[in-house]
Amino acid sequence: MKKVMISQPMKCRSNEEIIAEREPVVKELLEKGYETIDTVFADSPEEAQNKPVWYLSKSIEAMSTVDAMYFMEGWEEARGCKLEHQIAEAYGIEIIAD
């Protein structure tokens with residue numbers, strides 16, 4: 001089974017909201033034969049000077065373990081999602097867009 005990571009806008013959303021938004025996508029991807037990895041991370045550590053960069057670093061680390069990236073609606077407007085998309089393109093990770 002191929003592994004996929006979901007990229008979605010997360011700014012100003014709780015972990016619960018993020019998980020709820022991706023549930024239908026996870027189901028759809030499973031039906032298509034993909035295993036979705038969990039990238040809803042716990043809170044950043046206190047020593048993180050720039051929390052968005054800390055979260056992005058965790059996402060990039062997770063990208064190293066997947067076969068494909070799924071980009072949810074609105075990714076084009078989210079700074080982190082745009083960077084993840086550029087990385088996927090640059091490193092030949094399959095891109096699935098909403």
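In this predicted model, Lys2 and Glu94 are joined by a salt bridge between their side chains, with an N to O distance of 3.2 Å. The pairing connects distant parts of the chain: Lys2 belongs to strand 1 (residues 2-7) and Glu94 to strand 4 (residues 94-97), and 92 residues separate the two. Lys2 has a relative accessible area of 41% and is therefore partly exposed. Glu94, at 29% relative accessibility, is likewise counted as partly exposed.

This bridge is one of four salt bridges found in a search of the whole structure. Side chains of opposite charge can pair when their charged atoms come close. Another of these pairs is Arg13 with Glu21, whose closest N and O atoms lie 2.9 Å apart.

The side chains of Glu61 and Lys58 meet with an N to O distance of 3.5 Å. Both residues are part of helix 2 (residues 51-63), where they stand three residues apart, about one turn of the helix. With 48% relative accessibility, Glu61 falls between the limits of 20% and 50% and so counts as partly exposed. Lys58, at 28%, is also partly exposed.

Helix 2 comes up again in the description of the largest pocket, as it gives the most to the lining, with six residues. The space in this pocket amounts to about 810 Å³. Its lining is made up of 30 residues, and those closest to the centre of the pocket are Met10, Lys11, Pro52, Tyr55 and Leu56. Two or more lining residues come from each of strand 1, helix 1 (15-31), helix 2 and helix 3. By residue class, the lining of the largest pocket consists of 15 nonpolar, eight polar and seven charged residues.

Helix 3 (residues 79-90) also holds a residue worth a look of its own, His85. Its relative accessibility is 13%, and because buried means under 20%, His85 counts as buried. Leaving aside residues up to four places away in sequence, His85 touches Phe71, Trp75 and Ile95.

Methods: Residues numbered from 1 in each chain as written. Predicted model: local features only at pLDDT ≥ 70, side-chain atom pairs only at ≥ 80, totals over all residues. Heavy atoms only, no water. Helix = DSSP H or I, 4+ residues; strand = E, 2+ residues; numbered from the N terminus. Buried < 20%, exposed > 50% of the residue type's maximum accessible area, 1.4 Å probe, protein only. Contact = heavy atoms within 4.5 Å. 1 Å grid on protein atoms, 1.4 Å probe; cavity = no way out; pocket = protein on both sides within 12 Å on 5 of 7 lines; lining within 4 Å. Points joined across faces, edges and corners; volume = space filled by probe spheres on them. Nonpolar A, V, L, I, M, F, W, Y, C, P; charged D, E, K, R; others polar.
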